[in-house]
Amino acid sequence: MEILFSKSRSLNYLLQSSRTCWHHYRNKSAAIFFIPRRFESIKAGEQLDVYNYKEDYHDGHDEHQTLNFPGGKVPITSQMKFISESSEKRLPCYRVLDDDGYLIPGTIFEQVSKGLALNMYSTMVTLQTMDTIFYEAQRQGRLSFYLTSTGEEAINIASAAALTPDDIVLPQYREPGVLLWRGFTLQEFADQLFGNKADYGKGRQMPIHYGSNKLNYFTVSSPLTTQLPQAAGVAYSLKMDKKEACVVVYFGDGSTSEGDFHAGLNFAAVMEAPVIFLCRNNGWAISTPVTEQFRSDGIAIKGQAYGIRSIRVDGNDALAVYSATRAARQMAIKERRPILVEAMTYRVSHHSTSDDSTKYRCVKEIEQWKTAKSPITRFRKWIQRNGWWADQNETGLRKNSRKQIVEAIQAAEKVEKPPLTDLFSDVYDKMPSNLQEQERFIRDTIKRYPKEYPFDVPQ
Amino acid sequence: MASSFRRIGKLASKNQSWRYRGFSSIVETPNKSGDQLSPTKSVNLFSAINQALHIALDSDPRSYVFGEDVGFGGVFRCTTGLADRFGKQRVFNTPLCEQGIVGFAIGLAAMDNRAIAEIQFADYIFPAFDQIVNEAAKFRYRSGNQFNCGGLTIRAPYGAVGHGGHYHSQSPESFFCHVPGIKVVIPRSPKEAKGLLLSSIRDPNPVVFFEPKMLYRMAVEEVPEDDYMLPLSEAEVLREGTDITLVGWGAQLSVMEQACVEAAKEGISCELIDLKTLIPWDKEMVEASVKKTGRLLISHEAPVTGGFGAEISASIVERCFTRLEAPVARVCGLDTPFPLVFEPFYLPTKNKILDAIKSTVNY
């Protein structure tokens, strides 16, 4: 250490912050701001001439002097300077609409037609209504469990609207709006929640574990982040098949602490897989706030370390989410690369019906995000100001969607449960002998103790 | 997660320390490939695996082979020549991350591909445990058969090599035998390895395929050069006998075979069964054998407590209680981490098996 320091101009260089230059987020066409870089790799084994400083040494940094490592050429410096743990300024958040639904002057975004805007708005409202009524149904004891997307409607609907039906979605669990946008009916939602015969999952999983092969929406599984490395594999398949499509994988801020987050991003980057990693940074992982989850400035900045282009957007601004997802999709498909999108938002709801979030966070804070910062309200102000929407439309929409959801619940409740044989099918493609034996055993037991088993499961 | 000691297997054949196991040529069995006229060639186990991978990639353009160091041929040479022949897009190195390898493979398989993933040593499969147990195994069931990852095959070398210590020797099969939705397959010889691997790759369910790395270079046998498959979930009687049934799999069968030969010299007739597929396993064949012999011995390298031998023992006692002449014997690894210097003490060796055969027969 002594030798290294002896000619250093000042120890003040130590621990000096490196200034990270954030890309400008006025993305006319996002791609033009980026120059794809792939470091030229060289063979290991060449002699490294670390003492070849010459006169450039006194500048402390010389672009012309490089060291060849297996990962490529690296410039040398005489300054022992650690990279700062954070940049001086936090990564800005891309926004199109301000809090009152006014377009921010000079903002560049994807134009949204009246038809699309109204479709987006009405689907957000339907999602909100669906959440309200299903949540109430759980509180009444008609459902065993539910989990709402309240406050995150714009991320759900606007990202979905920016995709095509061929894009494949790997959800976490707070993205039913994507499925709603793609045409999953309210009846299909209700059937899953009640685990009846019409549930595609055959009543095997808890409520909200939706999935639809037809709509390219992988079935929800409870373990967090497992879908991220899988998304890289799905995307690699799309790339090999030369499909004009990408994968969109959703996850939350808490998920980024899992090992699979690292696995997923690193694999996608290395395999050059067309995946959009869409993080809903809603501030809370059940009761754990982001301040207890990581020390970084959120999620988007992590992308660069993986060699992944990234953006932070206002998740409560439907136009920003839509524009960013469109741009991300285009880059992912055209350039065969992963993109990381961090959508900043707030989980207005409790984590689930098994949670009471007022025990660990301020009610006033929740209320503010629920009302003043609602993504639905903001988007409504914009469409209303455009003359595309009026109060009477609102009344009709809400009344109609509420009616449809209530009817869906009533219908789903009446449908019988899946048959007993579905307990044993689909473990493998064909039922092995041990399962056949166990099915016989269960059927025999039911005959002797019929009252001990649910009467509504057909045998 | 993996150690820098990964090339251990390459050295296995040059190292003398495993010789105490006294490997002898594997049991002769009739050609079950269905084509008796198929030309054969004498090859070792890693070459047989390599043949199977060549055939799998050649016969299905939607098949992929990948894992750590797979591109240059793999640390055990199982993937030699694949990248040159099929290209780096279908045969490739992955980052050093087992949960990533299996997660990626599940996604690939879910898109109607055959994803053949290599975990460099079975000892390093545990970071991928969640992906295997919670994802791959339940993929079909949880979606009501809307999605499946049946094209997934995870290959991993397992077992003792004489100098592998804790982390290049383990036999973790029983962890996976507790997971409905996957299959666990372990071959005993080159010919079996090729046929069973091709079946595993083409089976419409995810398969964990453990390869006995002790045998990669040591076991040599005539292997049909053609494409052939051997059935999963079907055990095989390697040696017929009347006094006691021995059940095992993988590399342990050669040790058991030697014990059977020794026992025969003392007038004891042993029936030796290769289970091949551990789940779902061929209970019926073991049951029929035990009903004939009245005695059962199970042997595996994994620790005895909670090993798959316990499951076989319990199942056979349930089915054959009145026919059993003696308690079921288990000759297995000790309940210690797999030790380096003490490996000869740890392993279920020939004489331990021979003693157990004699005490069971003379019970």
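Tutor: Val341(B) sits in the loop between strand E14 (329–333) and helix H13 (343–346) of chain B. Helices (H or I, at least four residues) and strands (E, at least two) are DSSP runs, numbered from the N terminus. This is a predicted model: local features need pLDDT of at least 70, side-chain atom pairs count only at pLDDT 80 or more, and totals for chains, interfaces and linings use all residues. Residues are numbered from 1 along each chain as its sequence is written, chains are lettered from A and ligands numbered from 1 in the order in which they are written, and side-chain values use heavy atoms, with hydrogens and water left out.

Val341(B) has a relative accessible area of 62%, so it counts as exposed. The classes are: buried under 20% relative accessible area, exposed over 50%, partly exposed in between (1.4 Å probe, protein chains only). Asp130(B) is 211 residues from Val341(B) along the chain. The C-alpha atoms of the two are separated by 32 Å.

Lys183(B) belongs to strand E6 (residues 183–185) of chain B. Its relative accessibility is 10%, so Lys183(B) is classed as buried. The side chains of Lys183(B) and Asp203(B) make a polar contact at 3.1 Å. That term means a pair of N or O atoms within 3.5 Å; within protein, one must be able to donate a hydrogen and the other to accept it, and residues adjacent in sequence count only if both atoms are side-chain atoms. Lys183(B) is in contact (heavy atoms within 4.5 Å) with Tyr428(A) from chain A. Its contacts in chain B include Asp203(B), Asn205(B), Leu232(B) and Ile279(B).

The contact takes 44 residues from chain A and 45 from chain B. About 3,600 Å² is buried between the two chains, and carbon and sulfur atoms give 60% of it. Here buried area is the accessible area (1.4 Å probe) that two parts lose on being put together, summed over both. Gln230(A), Phe267(A) and Tyr428(A) supply 19% of the area that chain A buries against chain B, more than any other three residues.

Which charged and polar pairs cross the interface? The rule finds two salt bridges between chain A and chain B. A salt bridge is a side-chain nitrogen of Lys or Arg within 4 Å of a carboxyl oxygen of Asp or Glu. Glu437(A) and Arg319(B) meet in a salt bridge, 2.6 Å from N to O. On the side of chain A that touches chain B, the elements giving two or more residues are helix H6 (227–240), helix H7 (259–270) and H13 of chain A. H6(A) gives the most, with nine residues. By class, this side of chain A divides into 20 nonpolar, 16 polar and eight charged residues. Ala, Val, Leu, Ile, Met, Phe, Trp, Tyr, Cys and Pro count as nonpolar, Asp, Glu, Lys and Arg as charged, and the others, Gly among them, as polar.

Helix H13 of chain A (residues 433–448) also holds both Asp444(A) and Arg448(A). They lie four residues apart, about one turn of the helix. Their side chains form a salt bridge at 3.1 Å, N to O. Asp444(A) is partly exposed at 37% relative accessibility.

Over all chains, the whole structure has 47 salt bridges. Asp391(A) pairs with Arg380(A) in a salt bridge, with the closest N and O atoms 2.9 Å apart. This pair links distant parts of the chain: Asp391(A) is in helix H12 (residues 391–414) of chain A and Arg380(A) in helix H11 (residues 375–385), eleven residues apart. Both partners are partly exposed, Asp391(A) at 47% and Arg380(A) at 22%.

Glu153(A) lies in helix H3 (residues 153–161) of chain A. Glu153(A) is buried yet has no salt bridge. The nearest side chain of opposite charge, Arg398(A), is 8.3 Å away. Lys and Arg count as positive and Asp and Glu as negative; His and the chain ends are not counted. A polar atom of the Glu153(A) side chain does lie 2.9 Å from the backbone nitrogen of Gly151(A).

Terms used:
Lists of a residue's contacts leave out its neighbours within four places in sequence.
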